[in-house]
Amino acid sequence: MSRKKKKVEEKMSDQQLSSLWFMKFKEAMVHKAPYTKKWTDYLSAYRGEYFKNQNIPEYKSDQVSNYIFSIIETVRPIMLDNDPKFEALPRQPEGLEFTNDLQQAFMYEWDRERMSTKIFKELVHSLVLGTTVFFVPWDSEERQVKSIPVSPFNIFPDPLATSIEDAEYIIYASYKNVVKLRNLYPEKAEQLTGGQVKHSELVHDNSINSKVDNQVLLLEVWTKDFEEEESVINDE
């Protein structure tokens, strides 16, 4: 974030800061709403719910055949019939000697993270929604990267962004049980109060629905540090 913006946020109270990012979240949610509506319809069609005739009696059979599901489930295994072949290409001639080591490292990470299994599951989002998201953080305790699938429904980028690279912020929204959050943030335990799920599209666990109590909307925000970028440019 910019130096001016950073100083302003440092002067904000926790409540003011949370209100600021909740407002940003609502703006991003409104901007993303048309995609969310389409994605919901697409998933309903894949699951066979979209064309289901709700007006016929229960004893009558549904005459709709779900070809969407059958086609996707036929294509999915074929797409992962073979593991990908990694090819590291150097930008400079002096990097040529390291390409083989990098290729071996990529193959090792692919197997270690069991990416074939993860991607097979996430291919449903790729083929139905056209969007798949993976979060690849660095685990400082295990000293290695992790590959975590993230539902596209839970990602809210900056509405003005044209790509991930030029987004000023990205918000990951999810629901967490208030007890878990109190254990994670004991210093804020008294301020945390659970409620019901208001945004059901953020919840993809069948055991959770909008009637579950003691859930808290959790917003994880990543913002660009323009002050750091400015420092790097000046150093160059």
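Predicted model: local features only at pLDDT ≥ 70, side-chain atom pairs only at ≥ 80, totals over all residues.
**The whole chain**

Start with the chain in a cartoon view. It has seven helices and seven strands. Followed along the sequence, these elements run in the pattern α-α-α-α-α-β-β-β-β-β-β-α-β-α. Of the 236 residues in the chain, buried residues make up 23%.

**The nonpolar core**

Select Trp 21, Phe 25, Phe 156, Ile 171, Ala 173, Tyr 175 and Leu 202. These are the residues with the most contacts inside the largest nonpolar core, which has 13 residues. Now colour helix H2 and strand E6 (169-177), the elements that give two or more residues to this core. H2 provides the largest share of the core, five residues. As background, nonpolar side chains in soluble globular proteins tend to be buried together.

The three form one aromatic cluster.

**Aromatic pairs**

How many aromatic pairs does the structure hold? There are nine aromatic pairs, and two of them are visited here.

The ring centres are 5.2 Å apart and the planes make an angle of 40 degrees, and the pair is tilted. Tyr 46 belongs to helix H2 (residues 14-47) and Phe 69 to helix H3, so the pair ties together parts that are 23 residues apart in sequence. Tyr 46 counts as buried because its relative accessibility is 10%. Phe 69, with a relative accessible area of 38%, is partly exposed.

Move on to Phe 86 and Trp 110. Here the centres lie 5.9 Å apart and the planes stand at 65 degrees, so this pair is edge-to-face; planes over 60 degrees apart count as such. Phe 86 is in the loop between H3 and helix H4 (99-112), while Trp 110 is in helix H4, and the pair links distant parts of the chain, 24 residues apart. Phe 86 counts as partly exposed at 28% relative accessibility, whereas Trp 110 is buried, at 13% relative accessible area.

**A surface patch on helix H3**

Switch to a surface view and select Tyr 67, Ile 71, Val 75, Met 79 and Leu 127. Together they form a nonpolar patch on the surface with about 480 Å² of accessible area. Which helix gives the most to the nonpolar patch? Helix H3 (residues 67-79) does, with four residues. Tyr 67 is one of the patch residues and is found in helix H3. Is Tyr 67 buried or exposed? Tyr 67 counts as exposed because its relative accessibility is 60%, and the cut-off for exposed is over 50%.

For another contact between a charged residue and a ring, select Arg 76 and Phe 120. Arg 76 lies over the face of Phe 120, at 4.1 Å from the ring centre.

**Salt bridges**

Select Asp 139, Glu 142 and Lys 146. Lys 146 forms a salt bridge with Asp 139, where the closest N and O atoms are 3.3 Å apart. The side chain of Lys 146 also meets that of Glu 142 in a salt bridge, at 3.7 Å from N to O. Asp 139 counts as buried at 17% relative accessibility. Lys 146 is partly exposed, with a relative accessible area of 30%, and Glu 142 is partly exposed, with 42%.

For the last stop, select Glu 109, Arg 112, Glu 113 and Lys 118. Salt bridges that share partners join these four into one network. Within this group, the side chains of Arg 112 and Glu 113 meet in a salt bridge of 3.1 Å, N to O. Arg 112 counts as partly exposed at 22% relative accessibility. Glu 113 counts as buried because its relative accessibility is 13%, and buried means under 20%.

Definitions and conventions. Residues numbered from 1 in each chain as written. Heavy atoms only, no water. Patch = residues over 30% accessible without salt bridge, like charges linked within 9 Å, V, L, I, M, F, W, Y side chains within 5 Å. Areas by Shrake-Rupley, 256 points an atom, 1.4 Å probe, with all protein chains shown as cover. Buried < 20%, exposed > 50% of the residue type's maximum accessible area, 1.4 Å probe, protein only. Phe/Tyr/Trp six-rings, centres within 6.5 Å; stacked < 30°, edge-to-face > 60°. Lys NZ or Arg CZ within 6 Å of the ring centre and 35° of its normal. Core = buried A, V, L, I, M, F, W, Y, C linked by side-chain atoms within 4.5 Å.
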